Amino acid sequence: MMQSERRSLTDHERAVYEWQMWVPDFGEEGQERLKASSVLISRVGGLGSVVAYELAAAGIGKLVLAHAGDIKPSDLNRQLLMTHEGLGTPRIESIGRRLLELNPRLELELIPENLGEANARSLVEHADLVVDCAPLFEERFALNHEIVRQAKPMVECAMYELQCQITTILPGETPCLACIYPEMPAAWKREFPVFGAVSGSVGCMAAMEAIKVLSGFGDPLAGRLLTYDLRDLSFRKLEVRRREDCRVCSQA
Amino acid sequence: MQVTIELMAQLRTALGQPARTLELDEGATLRQALQELIAAHDSEEVNGLLAADGGLSPTIIASLHGRILDPSEDPVLSHGDTLSLFSPIAGG
Ligand SMILES: [Zn+2]
């Protein structure tokens with residue numbers, strides 16, 4: 001399993017992270033690895049807001065965040081880094097302000113654009129791990145292509161209505177997104193039914209997957225897709241196989 | 001024999017029900033089950049389950065016995081099987 005570099009903690013950081021450093025197998029060493037780590041989150045909406053907030057709370061060293069546009073009323077049921085006061089102002093400003101209120105030690109790289117073919121390469125280069133929270137398959141496939149090329153882990157998560165899916169892609173070891181979807185789905189609609197508690201649930205899981213992979217403990221969802229439905233609280237883990245002829249990861 | 005088709009995401013919304021039980025001939029395969037489903041529900045989402053070559057659409061996740069199937073597979077189903085079909089989701 002990959003492990004990040006370590007950066008020693010200050011006394012103040014030891015005080016802030018004391019309770020999570022009590023977690024067996026994590027400890028101060030795990031905290032030092034998180035401090036030395038950077039995570040790219042694309043985008044920072046219903047799902048990505050919660051991923052970013054949990055990683056900021058946990059003491060990640062740096063977040064690279066890509067999200068375009070201004071705050072709209074319909075963001076506010078789930079995009080928890082946006083505020084009512086910020087309606088009509090750039091989302092990325094609200095995101096940065098809220099994260100620094102929680103963790104002023106956090107290093108932030110705020111990009112007021114969405115990720116696409118043009119900037120995927122450089123954004124992925126700026127991070128040790130990626131969390132894919134994009135609402136469009138075009139963005140998800142652009143990220144998948146880059147993380148396979150740069151051999152960086154990616155937590156892949158998505159939701160619809162009360163249903164969620166999450167898996168962790170470790171290039172070279174596990175299937176990639178194109179192994180799951182050999183062709184880009186065409187039918188997905190940009191607007192979809194969603195409660196904030198649903199996107200938040202899978203956002204918390206994605207943050208925990210990132211923490212586990214970066215600090216090198218626990219058992220991430222490698223080669224397994226967790227699917228669950230909060231309507232009846234049914235959870236299942238499905239085995240995903242790597243495609244021999246995958247157009248992305250078989251040539252990497 | 002009876003086989004249950006479990007529907008997820010937009011497929012569930014399109015059919016308006018979380019699952020449907022099909023009565024199939026002994027030895028029926030995945031593709032035959034999907035053809036039955038398409039015959040019973042004429043909608044864009046359901047018709048899209050099968051690709052032009054007659055196989056499972058490569059943009060649908062189908063799982064049987066805890067494993068995601070490759071679109072090239074056409075397993076024989078057994079009485080009591082549950083086949084789960086997930087239409088693609090990318091909600092962020
Ligand atoms: Zn692949």
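Reader: How do α4(A) and α5(A) lie to each other, roughly parallel or oblique?
Author: In this predicted model, α4(A) and α5(A) are roughly parallel, because their angle is about 30° and angles under 35 degrees count as roughly parallel, over 145 as roughly antiparallel, 65 to 115 as roughly perpendicular and the rest as oblique. Residues are numbered from 1 along each chain as its sequence is written, and chains are lettered from A. Local features need pLDDT of at least 70, and side-chain values leave out hydrogens and water.

Reader: Which residues make the contact of α4(A) with α5(A)?
Author: On α4(A) they are A:Ala52, A:Tyr53, A:Ala56 and A:Ala57, and on α5(A) A:Arg98, A:Leu99 and A:Leu102. Contact means heavy atoms within 4.5 Å.

Reader: What about α4(A) and α9(A), at what angle do they pack?
Author: About 45°, with the axes 8 Å apart. That makes α4(A) oblique to α9(A). Among the residues in this contact are A:Val50 and A:Leu55 of α4(A) and A:Gly203 and A:Ala207 of α9(A).

Reader: New topic. Is α9(A) largely enclosed or exposed, and why?
Author: Helix α9(A) is largely enclosed by the rest of the structure, because 16 of its 20 residues are buried (under 20% relative accessible area, with exposed over 50% and partly exposed in between, 1.4 Å probe, protein chains only).

Reader: What comes just after α9(A)?
Author: A:Gly216, with a positive phi of about 75°.

How values were computed:
Predicted model: local features only at pLDDT ≥ 70, side-chain atom pairs only at ≥ 80, totals over all residues. Helix = DSSP H or I, 4+ residues; strand = E, 2+ residues; numbered from the N terminus. Axes fitted to C-alpha atoms, helices over the stretch in contact; angles between N-to-C directions.
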